[in-house]
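User: I've got a two-chain model open here and would like to talk it through. Can you take my questions one by one?

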There are 2 protein chains.
Amino acid sequence: MFESAELGHSIPDEVYKKEIPALREALLDMQYDLAQAKKFPVLILIGGVDGAGKGETANLLNEWMDPRLIHTHAFGPTTEDEAERPPMWRYWQKMPPKGRIGILFGAWYTAPILENRDSKPGQSLDNHLNDIVRFERMLTDEGTLIIKLWFHLSKKQQKQRIAELEANPKTRWRVTDQDKQHLKHYEAFRTLTGHILRETSTANAPWMVIEGSDPNYRGLTTGRYLLDTIRNRLDSKTPPPRKASAPALELVASDGRNVLNTLDLSKSLEKDEYKEQLEEYQGKINLLTRHEKFKQISVIIAFEGVDAAGKGGAIRRVTQAMDARTYSIIPIAAPSDEESAQPYLWRFWRQIPRRGRVTIFDRTWYGRVLVERVEGFCNSQDWMRAYAEINDFEEQLTQHNIVLVKFWLNIDKDEQLKRFKEREDTAFKRYKITEEDWRNREKWDDYQQAVCDMIDRTSTERAPWTLVESNDKKFARIKILKTICEQVEHKLESLK
Amino acid sequence: MFESAELGHSIPDEVYKKEIPALREALLDMQYDLAQAKKFPVLILIGGVDGAGKGETANLLNEWMDPRLIHTHAFGPTTEDEAERPPMWRYWQKMPPKGRIGILFGAWYTAPILENRDSKPGQSLDNHLNDIVRFERMLTDEGTLIIKLWFHLSKKQQKQRIAELEANPKTRWRVTDQDKQHLKHYEAFRTLTGHILRETSTANAPWMVIEGSDPNYRGLTTGRYLLDTIRNRLDSKTPPPRKASAPALELVASDGRNVLNTLDLSKSLEKDEYKEQLEEYQGKINLLTRHEKFKQISVIIAFEGVDAAGKGGAIRRVTQAMDARTYSIIPIAAPSDEESAQPYLWRFWRQIPRRGRVTIFDRTWYGRVLVERVEGFCNSQDWMRAYAEINDFEEQLTQHNIVLVKFWLNIDKDEQLKRFKEREDTAFKRYKITEEDWRNREKWDDYQQAVCDMIDRTSTERAPWTLVESNDKKFARIKILKTICEQVEHKLESLK
C-alpha cells in the first residue's frame, strides 16, 4: 500500500513555483463550477502518519481555493451531546451539502485505528471496516464524491522529522511524548493502517496515498489529484456510476398469498375491553418512561401505513401516555432545501433523540422503498440499494441502546374508501384528505407489493416490523401500545 | 397580578364534559389552518407555581390538538455545547417555525427567577427583565405570536396539594424536599414572580395568569384562551401590529460630510512593507489562536463592504494565518427555506462558534439595514427596529466572551468600476460579477447613506465598527489583520 510513497519524492522549488499559479486558477475555476452546479458534495477525508502534513495540506487547500466554500472539521473527544447518539451521528452533522467541499480529519477511520493500535487486527476490525465500506458506498451512491487522502512518511523520514523539530527551539514544543511513542510502534502502525487502507479502498472511494516529506511534492500532488477528480466528475455527462441492472427484487408468490393479504383484518376489540386495556398499557408506558434505567436508552417509534390507516390516532394514544417533554413527533413530508442537498438519510439522522427521550416518526426513511419507488421519484437502483442501507442505519441505532419499534398499519381497500369519505364530511379532518390520497389509492396493488418487499427485506431481529391489523381502530391502538411496552420493557430488563 | 387567580375557580365535571368536544374540534381546525397558512409561529411559554398543572396542561394541549404539529421542550441543566454559547442560544435552537406551535417550559424566565429567589429584586433583575422585554418585542415584531401562561396556586392551595399527594402512597414520591422548601418561601416567591410578570407583561406579549387548582377550570380556560388568541391572529386581515410611523432615521448632514466620504482612501502600502507586515500580523494571529487562554473565548469576524471592496481577498489573508480546523466561514446569501421560516436573526444564532473557534461571516445580519433596506425587501419599520435588535444581539455575544470584530470595507465609485471590469476579464473571477452587482451600483448613494446610518447606530463600545480604506488592497488587508490582533489580544489580556 505504501511502497510508492516511500521513494523520497520531491519537487524542486522552481518547478513548484512555476506550476502553482495555473493550478490555483484551475482549482478556483473548478470550485465555482461546483458551487454553481450544486449537483453533488465533495467529501475529502484526510488521514495519515503524524507529521506527514495533514494539517498543512488542509490549510494549503483553503489558501489555494475559496475558503468560503470549504468546511474543515477535526473531531475532538466526544461531547455530551454526541455521546448520547450513535457514533456516526457527529459525522452526519458535518456532511457538506451539494456544491460544497467538506474536509474531515480522521472521521470514521479514527476509531478503528485507535481501537486496534495495540492488538493484532482481527474479526472485529474487519467487521468495522466492512461497515465503513457499506457506509461510503451509500454516500457515493447518493452522489457524494469521496476523496480519501492518506499522507505517509517512512520510518526514516518520521525519525528525521522529529529530530528536526526538536533541534529548532521554535518548533520543539510541537514534539510530544505521544509522537515518540508512535515512532516506537511505527511498524505495527504501518501494518495496521496498511490493512485498513486496503480493506477500505473501493472502486467508488479509493484511498490515495501521498508521500508527505517534501511539501512541494505533497502540495502539488494533492492539488492536481483533487482538480482532476472533481473536474472529471463535473464534466462527466453520465450520472454517477450505478450498479449494473440487477434481478427484480419482488417475488410475486404464485399462490397469491403475501404477508398483507394473510392478515386477519377482522380482529377487533369491544369498547369496554378497549378502555380497560388502553388504561393499562398507557399506564405501563408512563411508568416505563419514568423508570430509572430509561435515562440510559432512547426510543424511536416508526409509523408507516396505508393512507387513512389511523397513524395519527394511534400516535395520539401513544403520546397521551407520556409527558409532553419526553417526546418529539416528526411528521415526514417533502424535504426542506437543506435536506434535499444531502443524502436521503441525513434528515433522519438530524432527529435522533438524546438519552431518555422518544422520537416518533409519522412516516419514515421507508419512504424511499414505498412512495419514492411506486411513484418513480427515484430510480430503481436507488430504492433497491435502500433496503441494505436502511438495515445498516437501523443497526447503528439499535447497537446504541436505541429501541426501534416499527409499525405497518394495514387496512383493506373498502375500509380505506369508507374512511376517505368520512374525512371529506368532517370539517376538522378536511386537511387529511387530498387529491393525492385519491391518486395513491389507484396504485393500491403497487403499494401493497412494495410493502411486502419492504417487510421481507427490513424485518431484522433487532428491529422487526410489527404488522397491525387496523380495520378496527381499537384493536390496532392496543396492539401498538402493547408492542411498545414489550419492546421497551425487554430493553430495560437487558440492561445491567 | 394574582388576585383573580386566588378566587377558587372551578368548573363542574358535567359542564366540562359538555364543552370539551366543540373546543377540541375548534382547536384542531385552528391548528390545521395555522399549518396551512404558514404565516407565523406560535410560541407558548409556560411558567408557574409548583404543582399548579404546568406539565398537565402541556400534556392536555398535546392530547387535544394534533401533537405532530406541536413541539414541547423543557430545559435541563445546560449541556457542554450550550454552555459554550450565550445563554439565549439554547432557546433559539428550539424556536417553532412558521405554522407550528412550540411550547417552552420556563425558558428565559427560569434564570431571573432562580437568580433572585433568595434576594430582594434589584437593579440587575430589572435590567434582565428589560432585556427580555426587548427580546420578546423583537420576536413579535418578526411575526411570532407569543402566548405566556402562568399557572398559579394560593399558599393554601399549595399546602393542600402537598398534603394530598403525601397522603396517597401512589403519589408520595412526587413530593420532594424542594417542594416543601418552596412552600416555606411562598410569600417571597409570590412577590418576586409578581414583579417579574408585571415587568414583562407587555401589549405585544402579555402574561395570562390562570388559577391551577381545579383541572377542569385550568384546562378549559387555557384551551379557550389559546383558541381565541390564535384564531384572532389567523383571521386578522391586517399584518402584525407595527410601531406607528416614526421620524426618519437618517440625518443628511448639511455640509455633506459623512463617515464614509471623509475617509482617506488614498492610504496605501508599498509591496515590501506589505509583505513584512503581512508576515508579522499573520504570525501574531497564529500565536493568538494557539494561546492557552484562547480556549476560553470565541471570535466572530463580520465582513461588510461595498461590492468588489475586497472582502474575499481579506478573508483569505485572515484564514491563511489560522489552522483550517479553527475557523468556519459563513457566506451569507439568500436564506434557506428553514431559515425563512424563522426570525431573521435565527440563521446567525445557529452559527455561533464554540469556545476556541473562529467564525467569519462574509456579509452578515447587517443585511437587514443595508440591502434589505435599500432594495425594499423589508418595510421601513422592520429595518428601523433592526438597529436596536442587532445591538441587543451583539451585546449577548460580547458578554459571553465572544470577541466581535466588525469591518466595513470602503472603496470609491471609480475604483469599483475598475474592479468590475477586471472581474469580467478574468476567467476564474467571472462568478464574482453579476447583473445584480451592476444594478446595486446604480443605487450607490442610497447604499452609502444606509452605511452611514448603520455605523452611527451600531458602533458600540464593545463592538465598534472598523472602517477600512480599501482602494489599496494591501493597506486594507494589513489594517484588518492588525485590528483583529489588537482586539483578540485585548480580550485575552482581560482574562484572569
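**Domains, sheet and interface**

Chain A is divided into domain 1 (3-235) and domain 2 (271-494). Keep in mind that this is a predicted model.

User: How far apart are the centres of domain 1 and domain 2 of chain A?

Analyst: Take the centres over C-alpha atoms. For scale, the C-alpha trace of chain A spans about 85 × 55 × 45 Å along its principal axes. Between the centres of the two domains of chain A the separation is 39 Å.

User: Which element gives the most to the side of domain 1 of chain A that touches domain 2 of chain A?

Analyst: The contact takes 16 residues from domain 1 of chain A and 15 residues from domain 2 of chain A. On the domain 1 side, the elements giving two or more residues are α4 (89-92) and α6 (123-141) of chain A. By class, that side divides into 9 nonpolar, 1 polar and 6 charged residues. The element that gives the most, with 5 residues, is α6(A).

User: What rotation superposes chain A on chain B, and how are the two copies related?

Analyst: Superposing chain A on chain B gives an RMSD of 0.0 Å, with 0.0 Å of shift along the axis and a rotation of 180°. The two copies are thus related as by a two-fold rotation axis.

User: Over in chain B, which strands stand at the edges of the open sheet?

Analyst: This sheet has 5 strands in the order β2-β3-β1-β4-β5 (chain B), with parallel pairing. Each edge strand has a single partner strand, so one side of each is left without a neighbour in the sheet; these are β2 (70-73) and β5 (207-211) of chain B.

User: What is the bridge partner of B:I44 in β3(B)?

Analyst: Strand β1 (residues 42-48) and strand β3 (residues 101-105) of chain B pair in the parallel sense over 5 bridges. In β3(B), the partner of B:I44 is B:I103.

User: At about what angle does helix α10 of chain B run to β4(B)?

Analyst: Helix α10 (residues 215-235) of chain B lies across β1, β4 (145-152) and β5 of chain B. Its angle to β4(B) is about 165°.

User: Does B:D472 count as buried or partly exposed?

Analyst: B:D472 sits in the loop between β10 (465-469) and α20 (473-494) of chain B. Leaving aside neighbours within four places in sequence, B:D472 is in contact with B:K267, B:S268 and B:L269. A residue is buried if 20 or more other C-beta atoms lie within 10 Å of its own. B:D472 has 18 C-beta neighbours inside 10 Å, so the class is partly exposed.

Conventions. Residues are numbered from 1 along each chain as its sequence is written. Chains are lettered from A and ligands numbered from 1 in the order in which they are written. This is a predicted model: local features need pLDDT of at least 70, side-chain atom pairs count only at pLDDT 80 or more; totals for chains, interfaces and linings use all residues. Two strands pair if DSSP finds at least two bridges between them. Helices (H or I, at least four residues) and strands (E, at least two) are DSSP runs, numbered from the N terminus. Two residues are in contact if their C-beta atoms, placed from the backbone, lie within 7 Å. Axes are lines fitted to C-alpha atoms, for helices over the stretch in contact, and angles run from 0 to 180 degrees between N-to-C directions. A residue is buried if 20 or more other C-beta atoms lie within 10 Å of its own, exposed if 12 or fewer, and partly exposed in between; C-beta atoms are placed from the backbone. Copies are superposed by least squares on the C-alpha atoms of residues with pLDDT of at least 70 in both. Domain bounds come from an automatic or database domain assignment. Ala, Val, Leu, Ile, Met, Phe, Trp, Tyr, Cys and Pro count as nonpolar, Asp, Glu, Lys and Arg as charged, and the others, Gly among them, as polar.
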